[in-house]
Amino acid sequence: MRFTPTELTSDELALQAEVRDFLGAELPPGSHEPGLGMSARHDKAFSKKMAEHGWVGMALPKEWGGSDKTAVDRFVVVEEMLRWGAPVGYHWVADRQTGNIINKFGDDEQRERFLPAICRGELGFSIGMSEPDSGSDLASVSTRADRDDGGWIVNGTKIWTSGAHQNDWFICLLRTHPLEEGGNKREGLSQLLIDLETPGLDIGPIPFLNGEHHFNEVSFNDVFVPDENVVGQAGMGWNQNTTEMAYERGGPDRWLSPFSTVEQLLRETQGTDLGDRAVELFGEMTARWWAMRNLSLSVSRLIDAGEAPSIESSLVKEMGTRFEIEIIEKLVELVDDELTLESESLFQRLLAQCVLTGPGNTIRGGTIEILRSVASKGLQGLPA
Amino acid sequence: MTVDDLITETASRLFAETCTHSAIQDAEANGGAPAIWDAFAETGFPWISLPESAGGSGGTLLDALEVLRLAGYYAAPIPAAETGVLGGWLLASAGLDLPEGIVTIAPGSKQDWLSIGADGSVSGTAHMVPWGRHAERLAIISNDKVASVPVSAATIAQQSSLAGEPRDTLTFDGAAADVVDAPEGVTAEALRFRGALSRVALMAGAIEKMSQLTVSYTNEREQFGRPVAKFQAVQQHLVWASQDAALTRMAADSAGRQAARGDARFEIAAAKLVANQAATRATKACHQAHGAMGMTQEYPLHHYSRRLWTWRTEFGGEREWSRWVGSTAVAQGADGLYPLVAGGTAVL
């Protein structure tokens with residue numbers, strides 16, 4: 001394991017300036033209700049504007065509508081969007097991982113069908129991994145696809161599916177080959193692309209603890225999925241899925257969620273005496289963000305160097321999401337106010353939202369316990 | 001901006017051969033390790049980043065920080081930072097002669113009182129002076145003057161750090177010294193930042209070594225019929241310690257690279273704060289994973305943990321640096337906060 005320090009090049013800094021100008025014009029500070037990092041609102045018009053600048057699917061090949069940019073370029077765009085609290089929800093999953101998976105494991109027909117639309121900011125994806133009886137033990141998924149003429153018949157249920165009610169497509173891990181007695185459950189799984197409007201597919205809300213609609217249950221009743229929607233080789237989905245999770249981990253979305261809240265605290269206290277304790281807290285947060293950012297940026301450089309830094313990104317995600325929770329806890333201690341989502345203070349509204357959604361930060365995309373298990377095996381030189 | 005592998009290899013080999021468990025133990029019992037220092041000085045490493053004109057090796061600050069990282073990794077019981085990166089830098093920048101032996105500095109304890117008289121004499125007391133009793137010269141910066149004063153002129157009260165390394169009290173009463181006006185950029189503040197940077201480099205090495213030691217110990221130690229590293233509760237300590245090793249190494253490397261380019265106050269302040277907190281967490285995790293064995297003198301964990309507890313408070317603890325970084329961040333205002341996180345000292 002090695003994180004190599006790196007800085008942005010002059011081209012990358014120019015991109016950063018361009019993104020800041022765009023955000024300053026589109027979402028002037030104080031004029032918009034910022035989101036909490038990647039949990040930001042879905043806003044198709046905003047996704048489209050970003051896409052017009054080439055900032056959605058930017059690391060995908062030009063041939064398929066992308067911009068042939070690097071993982072570091074994407075890091076630069078994404079960190080600015082997230083710290084600004086920009087509404088990136090609609091294209092988020094497609095941009096971060098699904099586009100990469102289709103490009104890496106799909107065929108040309110699939111690339112042609114999906115990638116240009118992703119890069120235009122016109123396709124929102126949901127991810128189908130967890131099931132009622134399958135969460136951290138992901139290889140135990142039991143949603144199954146049975147062979148049929150020219151395709152597969154899918155039956156089963158996926159849960160915790162973020163945004164399925166707002167998105168267009170679903171990338172789903174399911175069992176295409178029955179598990180034999182004593183067989184390896186990592187074999188026989190496949191990734192299927194499924195139109196969320198397909199007949200037989202039902203989407204129902206699983207309300208968040210505060211009543212918000214974010215999660216869904218997606219059930220399949222004899223849903224037909226054509227062969228051309230299988231990504232890569234049928235039965236080899238586990239390895240593809242593991243690769244996909246490497247893209248999910250280690251990026252700025254894992255340590256920037258409370259940033260817009262902290263920034264707003266500073267905006268609302270400008271010109272007042274914050275007191276020593278608040279100043280020290282700002283010091284701790286700023287220093288940690290600086291160091292976390294350098295680690296996370298070095299993961300992107302490793303990806304650009306052709307490496308698959310899965311241990312590194314697990315370590316960053318585990319540490320980054322715990323840091324997010326620590327910030328929320330310290331802010332609550334600091335402000336010592338009764339919180340409400342209806343507060344007149346934007347900072348207080350954001351902090352209330354942080355408190356309510358914070359526990360999810362160390363769960364989504366793999367719990368920190370699972371990440372520790374992955375990282376620990378890596379530290380001991382064992383296969384993950 | 002890289003360090004020649006040869007430096008890493010040579011310094012690693014030297015420290016691995018000389019800084020054995022028993023040699024570090026003996027250094028503590030004897031208050032020093034002259035043989036290790038001689039071997040280190042022989043290579044020229046103490047002065048690696050000082051200009052050749054001043055008697056140094058003409059290397060870069062990054063070269064020196066890499067040697068310090070390795071000194072931390074091997075718990076080298078010698079004044080690796082003081083002689084070159086700190087005291088040597090002060091003397092060489094001011095055009096004062098570098099002695100052949102050890103140079104140390106007054107790290108700036110709150111109780112210090114030191115004055116450089118108009119007649120070029122030094123009076124006062126410096127506390128917690130690293131390796132004071134072994135030094136030939138004490139380099140001082142005070143009121144825009146740099147002084148090089150012979151330690152032989154001091155009354156010395158011996159004290160030790162938490163790691164059992166000399167941290168002496170030196171008192172001077174009108175001692176004759178070489179004194180010159182401090183050049184631009186050579187200030188007590190600059191020395192404090194350099195001191196903090198030196199500690200961050202040492203800490204990065206020590207946390208990495210401590211974390212590796214803990215992985216190997218927990219893979220060997222068996223309880224309930226299997227290595228304790230197989231237990232998730234223990235794995236958590238391994239993962240957390242390795243994260244703090246990575247975080248501190250990144251902080252040290254990033255701050256060092258910026259310092260090699262120029263003004264790096266934000267990066268150094270942030271790095272020292274991050275390293276201090278990482279040291280607290282990592283020593284706790286590694287000790288817990290070792291159980292009672294880690295509390296013994298016979299097992300080497302304490303070489304690293306006690307040094308980390310020492311370096312954590314030297315050249316600024318959490319309060320000093322969190323206030324520095326915090327007031328700098330607050331002064332940027334809301335719109336300037338992220339540009340500071342991403343851009344560092346360059347945006348100040």
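Two residues count as being in contact if their C-beta atoms, placed from the backbone, lie within 7 Å.

**View 1. How chain B holds together.** With that cut-off, take the contacts in chain B between residues at least 6 apart in sequence: 70% of them join residues at least 24 apart. This is a predicted model, where local features need pLDDT of at least 70, side-chain atom pairs count only at pLDDT 80 or more, and totals for chains, interfaces and linings use all residues. Residues are numbered from 1 along each chain as its sequence is written, with chains lettered from A and ligands numbered from 1 in the order in which they are written.

**View 2. The two domains of chain B.** Here you have domain 1 (5-181) and domain 2 (188-329), with bounds from an automatic or database domain assignment. Their centres, taken over C-alpha atoms, are 23 Å apart. Domain 1 of chain B puts 25 residues into the contact, and domain 2 of chain B puts in 28.

**View 3. The domain 1 side of that contact in chain B.** By class, this side has 19 nonpolar, 5 polar and 1 charged residues. (Ala, Val, Leu, Ile, Met, Phe, Trp, Tyr, Cys and Pro count as nonpolar, Asp, Glu, Lys and Arg as charged, and the others, Gly among them, as polar.)

**View 4. Domains 1 and 3 of chain A.** Chain A is assigned domain 1 (10-123), domain 2 (127-236) and domain 3 (249-379). The C-alpha centres of domains 1 and 3 of chain A sit 21 Å apart. Their contact draws 15 residues from domain 1 of chain A and 17 from domain 3 of chain A.
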